[in-house]
Amino acid sequence: MQIQIWTALIAMLILKYLHLKSSFGWSLSNMVAVLRQQLFVYRDLYTWLDDPYQAPPALAGIPDPGRFVSAPVKSDIGLTAKYSLTPTITLDFAYNPDFAQIEADQTVVTANQRFPIFFDEKRPFFLEGKEIFSTMNTVVHTRAIVDPDLALKLTGKLGRNTFGFLVASDNAPGDLTEDERNDPASVTCHRHSQNETAQECVNRFLDKNAVIGILRLKHDVGAESSIGLMATTYNFIDRHNHVGGIDGRFRLDKQTVLNFEAEASNSREFFFNPAKDQFSGSNQDRNEFRTGNGFAYAFHYDVEKRNWQYNYDARGRTRDFRADVGFASRTNTNRQGFFIYWQTEPKPKAKLVNWSINSNPYITFDWQGRSQEAGVGVETNFRFQRQSNVGFGLTTDYGRLIEEEFGPKRTARQLGAFYGPSSERSNVARGIYSFGSTVLNKKFSAHYFVNFQRGAFDLDFGAGNKFPRVSPVGRLDPNAPYDPGPGNSLNVNLNLNFQPTNALHASLGYTKSRLIRWDTGLTAFDDNITSLQSTYQFTRFIFARARIDYTTLSSNIRGQFLFGWTPNPGTAIYAGYNDDLNRNGYNPFTGQFEQGFRRNGRTFFLKMSWLFRGPL
């Protein structure tokens, strides 16, 4: 009996010692309960006590699937003020604002995309007066201001002069993620000297803000003509981008309108250099930090008669043109296009109200004179009663891919971005499509679009874990250079709207995008996106909204549920819940396949704002 008592006391002393030695916040009872399981595993006990979530030795090499961490409730209080200087001039100010948009972006097809995808601005502060800053080359796209701490906007009109001024301090560029903070070498940073470490380089802009400014001036010339000036600036530590330009709109007569604009940019930032030899110097990155000057232009001439219309459109950007406060998807390109349209005289009471036909030849080429794309399309559209129409079209498109737009340019000492002896790929694609819409009655309406194309390019990027690269070389080596090739593509878009009452509105959308390569006969990608949206308006000011999106490419389901009260602009209360799950998909952290439903994350939020009106 005494031996058992002494054994228990010694065990308690050892357990208490381990509890005190551990840096993890154990409760003694939990540590004792879990410790027994570790006595049969060959591992460092002290290491495990400090980090109990580490994988056991038997799972070494298998990625950690992650775990859910419940973040504490966070509050973020800001101030937004609006002051009308005159009936036509308004000053908006915001300090620490909640710019989070209530409505999330639509799920779209991302497979086989070469260039960034454009998403519309949805935040109320930037939507107000948005048209003042609009240009053909989109040198202002306020979504480039990601997380502003301060924002000031002055917009209005004085006589024939329209103006807009916006300045913001953006927290996003210096707000690094936890992984980036722990691994500074993974962050793109311009080092001032070879002796400067990655951590020292990152520390220069860690938690710093970018300063952004926009100026827009426009002067009316006559009743429907104007000439304007646009200037933007983006400044963040060593990096800057300045854009300035002029634009104009002139109504030459009742049927003719001419629009033009030209911008120049000066940038000090990273530029990709495909010709940079990866063996020269110690820096293996082909991004070069330097000064670059660029130019962009746009020209649009439109003539619209009673039954016919034509226009000529020309746009271009040089290789070094940058608009960091705007959206420029492709540089080193020029596009020239012509559009002609003709329609019959409408007969409102006939079954066939009218029909039309149009054509749109175009060509794109770079500033070295090399062709990039060319094509022509012919389309007919038939309009019937009940706001219904159906149309058909044929397209022929030539595409040319040059490897330096995808990665390194081949030299005697390095491989190029494309596999094989040729640094280019070209092909002619031919397509046929149909579209239509109808309003069946007051409750139902529908829309469809179907496009089939022979010869569409698979860029050989792969499309995630479900669709790895399917080119001949990509199947042998996923890390081999790209080998773009033609295939057959199918794109479908269907939409059904249902409104049984004035208060309830629902819509169901379906999008399909698939491409099958010719040389291997394999599917490069196949994405099916289903979206269900519904809004119920309880009263004029109270509503509930739900949205569920599912994409088969990533097997991802996103749910968004919102309840709102908006008695007037500036005063609102929103309560929402967002959910993000995978079904028979791949873990976003490890890439491992997971059976069934697995949650990636969820968020509950409450957003409140109140507008106080009164004189200063």
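A search of the whole structure finds 1 disulfide, meaning a pair of cysteine sulfur atoms within 2.5 Å. The model is predicted: local features need pLDDT of at least 70, side-chain atom pairs count only at pLDDT 80 or more, and totals for chains, interfaces and linings use all residues. Residues are numbered from 1 along each chain as its sequence is written, and side-chain values use heavy atoms, with hydrogens and water left out.

**Disulfide**

- Cys189 and Cys201 form the link, with an S to S distance of 1.7 Å.
- The link of Cys189 and Cys201 is left-handed, at -90° about the S-S bond.
- The pair joins distant parts of the chain, 12 residues apart. Cys189 sits in the loop between helix H5 (178-182) and helix H6 (198-203), and Cys201 sits in helix H6.
- Helices (H or I, at least four residues) and strands (E, at least two) are DSSP runs, numbered from the N terminus.
- Cys189 is buried at 19% relative accessible area. Cys201 is buried at 0%.
- Buried means under 20% relative accessible area, exposed over 50%, and partly exposed in between (1.4 Å probe, protein chains only).

**Strand pairing**

- Strand E17 (residues 444-458) and strand E18 (residues 485-498) run antiparallel, joined by 14 bridges. Two strands pair if DSSP finds at least two bridges between them.
- Asn493 in E18 stands opposite Phe449.
- E18 also runs antiparallel to strand E19 (residues 504-517), through 12 bridges.
- Ser489 has Leu515 in E19 as its bridge partner.
- A hairpin of 5 residues connects E18 to E19.
- In a regular strand, side chains alternate between the two faces of the sheet.

- Thr138 is not a glycine, yet its phi is positive, near 50°. Its place is the loop between helix H4 (124-127) and strand E3 (148-158). Thr138 is partly exposed, at 23% relative accessible area.
- Asp460 is not a glycine either, and has a positive phi of about 70°. Asp460 lies in the loop between E17 and helix H7 (472-476). Asp460 counts as buried, at 0% relative accessibility.

**Second largest pocket**

- The second largest pocket holds about 1,400 Å³ of space. Its lining has 45 residues, and those closest to its centre are Arg114, Phe115, Arg330, Tyr362 and Glu373.
- A pocket is an open set of points on a 1 Å grid over the protein atoms alone, with protein on both sides within 12 Å along at least five of seven lines; lining residues have an atom within 4 Å of a point.
- Grid points are joined across faces, edges and corners, and a volume is the space filled by probe spheres set on the points.
- By class, the pocket lining has 18 nonpolar, 17 polar and 10 charged residues. Ala, Val, Leu, Ile, Met, Phe, Trp, Tyr, Cys and Pro count as nonpolar, Asp, Glu, Lys and Arg as charged, and the others, Gly among them, as polar.

**Cavities**

- The structure holds 2 cavities of 30 Å³ or more. A cavity is a set of grid points where a 1.4 Å probe fits but cannot get out.
- The largest cavity has a volume of about 50 Å³. Its lining residues include Asn112, Asp458, Phe461, Arg469 and Phe525. That lining has 6 nonpolar, 2 polar and 2 charged residues.
- The second largest cavity holds about 40 Å³. Among its lining residues are Arg319, Asp366, Arg370, Ile402 and Glu404. The lining divides into 1 nonpolar, 2 polar and 5 charged residues.
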